[in-house]
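Notebook open, structure about to go up on the screen. I'll jot down what I look up as I go.

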Amino acid sequence: MKRKDIIVILTFLWIFFYSTSSMAKDFTDTQGHWAEPYILKLKNEKILNGYEDNTFRPNNPISRVEFYTMVNKFVGLEKTYTVTFTDVDPRDWFYYEVAKGIKAGYLIPTTGKLNPNVEMTREEGLEILEYFYDFPKNKKKDYPFEDWKEVSSSRHKAVGSFIDIGILKGDGKYLKPKDPITRGEISKILYLLLESQGRPKVKSIVDSNIIFGT
């Protein structure tokens, strides 16, 4: 057998085994789930990760720091700022994800608690995502959902924007703005944003302009 033929065969085998091993890394708990196509798309785009046991847990509420991590990858944030929250330690896996959120401007640094593992609510998540997009100002003051009045007034623009562009539809009657958002639900929202709006521009605040909150 010629040396050239051996190289071709070895290359083929490498590609085969590499592809097989990559397929084996698909999440073990997303097959047949309604959010599977969104999750796989974002996984291929390197926007999301699963857990060490190779699960994604699409029905689980997403924590704040898990959400920040996903958003940071979605936008492509790299720059960081010093974290002053008392419950975020440099040894925490999410320290630099919080630092990126502060530098980007969607997190306001304080010397209080961030509560990193608290569940992210629907309206909180939409407010952060809306921060990165230049959506037009909402013309409507109210929307035909029975619980629209439960949306925090400071988040009317964010929630309304996602209704206006057709991404947020609730269940037809309820938005449930204060409910936790699941990992599967946020995967769908990010997928729809990617398809309809594309990735937003990276935002970065000059260090001297970062204002501490109470």
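Is helix H3 mostly covered or mostly open, and how many of its 12 residues are buried? I looked, and H3 is mostly covered, with 11 of its 12 residues buried. Buried here means under 20% relative accessible area, exposed means over 50%, and partly exposed is in between (1.4 Å probe, protein chains only).

Before going on, a note on what I'm looking at. This is a predicted model, where local features need pLDDT of at least 70 and side-chain atom pairs count only at pLDDT 80 or more, while totals for chains, interfaces and linings use all residues. Residues are numbered from 1 along each chain as its sequence is written, and side-chain values use heavy atoms, with hydrogens and water left out.

**Entry 1: the whole chain.** I found 7 helices and 0 strands in the protein chain. Helices (H or I, at least four residues) and strands (E, at least two) are DSSP runs, numbered from the N terminus. Of the chain's 214 residues, 41% count as buried. I also checked contacts, meaning heavy atoms within 4.5 Å. Taking contacts between residues at least 6 apart in sequence, 76% join residues at least 24 apart.

**Entry 2: H3 by itself.** H3 has 12 residues and reaches 16 Å from its first C-alpha to its last, close to the 16 Å expected at 1.5 Å a residue. The expected span is 1.5 Å times one less than the number of residues. I listed some of the buried residues of H3, among them Arg64, Tyr68, Asn72 and Val75. What covers them? The cover over the buried residues of H3 includes H4, helix H5 (122-131) and H7.

**Entry 3: H3 against H7.** Two packed helices are described by the angle between their axes and the distance between the axes. I looked up both for H3 (residues 64-75) and H7 (residues 183-196): the axes come within 12 Å and cross at roughly 15 degrees. That makes H3 roughly parallel to H7. The axes are lines fitted to C-alpha atoms, for helices over the stretch in contact, and angles run from 0 to 180 degrees between N-to-C directions. Angles under 35 degrees count as roughly parallel, over 145 as roughly antiparallel, 65 to 115 as roughly perpendicular and the rest as oblique.

Which residues meet? From H3 I noted Glu66, Phe67, Met70 and Phe74, and from H7 Arg183, Ile186, Leu190, Leu193 and Leu194. By class, this contact of H3 with H7 has 7 nonpolar, no polar and 2 charged residues. (Ala, Val, Leu, Ile, Met, Phe, Trp, Tyr, Cys and Pro count as nonpolar, Asp, Glu, Lys and Arg as charged, and the others, Gly among them, as polar.)

**Entry 4: two threonines in loops.** Thr86 sits in the loop between H3 and helix H4 (95-104). Buried or exposed? Thr86 is exposed, because its relative accessible area is 56%. Not counting residues up to four places away in sequence, Thr86 touches Thr111, Gly112 and Lys113.

Thr121 is in the loop between H4 and H5. Thr121 counts as buried, because its relative accessibility is 15%. Leaving aside neighbours within four places in sequence, Thr121 is in contact with Pro177, Lys178, Asp179, Pro180 and Ile181.

**Entry 5: after H7.** Gly198 lies in the segment after H7. The C-alpha atoms of Gly198 and Val75 are separated by 9.9 Å, though the two are 123 residues apart along the chain.
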